[in-house]
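Here is a short briefing on one protein chain. Look over the sequence and the model, then read the points below.

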Amino acid sequence: QKKYIGDLAVKMGWVDEDGVLDQKRLSGFCRQFGTESWTWMSRSQACKAIEALKNWVNRLDERNQDEE
């Protein structure tokens, strides 16, 4: 689940100037699920974060398609 969360965050563009996952940004997002760091998430917290990130990625994809 952690790898999938990281992959979704990269799709969101949450990377530093070197293209590496911005862990601070991802951890900040995951605070709304009750954890200080995305690497410390329980399974249920991770599932909620995954669903939220998937929805966000889908909205971005739809917005990008509308702009084309």
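The largest nonpolar core of this predicted model has 17 residues. Ile5, Trp14, Leu26, Phe29, Trp38, Met41 and Leu53 touch the most other members. A nonpolar core here is a set of buried Ala, Val, Leu, Ile, Met, Phe, Trp, Tyr and Cys residues joined through side-chain atoms within 4.5 Å. In soluble globular proteins, nonpolar side chains tend to be buried together.

**Ground rules**

- Residues are numbered from 1 along each chain as its sequence is written.

- Helices are DSSP runs (H or I, at least four residues), numbered from the N terminus.

**Trp38 and Ser27**

- Trp38 is in contact (heavy atoms within 4.5 Å) with Lys2, Ile5, Gly6, Leu21, Gln23, Leu26, Ser27 and Cys30, leaving aside neighbours within four places in sequence.
- Ser27 sits in helix H2 (residues 23–30).
- Ser27 counts as buried because its relative accessibility is 9%; buried means under 20% relative accessible area, exposed over 50%, and partly exposed in between (1.4 Å probe, protein chains only).
- Beyond its neighbours within four places in sequence, Ser27 is in contact with Glu36, Ser37 and Trp38.

**Salt bridges**

- The whole structure holds 3 salt bridges, each a side-chain nitrogen of Lys or Arg within 4 Å of a carboxyl oxygen of Asp or Glu.
- Asp7 pairs with Lys3 in a salt bridge, with the closest N and O atoms 3.3 Å apart.
- Both Asp7 and Lys3 lie in helix H1, 4 residues apart, about one turn of the helix.
- Asp7 is partly exposed at 35% relative accessibility, while Lys3 is exposed at 63%.
- Glu36 forms a salt bridge with Arg31, and their closest N and O atoms are 3.5 Å apart.
- Glu36 is exposed at 52% relative accessibility, and Arg31 is partly exposed at 46%.
- Lys54 forms a salt bridge with Glu51, with the closest N and O atoms 3.1 Å apart.
- Helix H3 holds both Lys54 and Glu51, 3 residues apart, about one turn of the helix.
- Lys54 is partly exposed at 27% relative accessibility, and Glu51 is partly exposed at 40%.

Key:
Predicted model: local features only at pLDDT ≥ 70, side-chain atom pairs only at ≥ 80, totals over all residues. Heavy atoms only, no water. Helix = DSSP H or I, 4+ residues; strand = E, 2+ residues; numbered from the N terminus.
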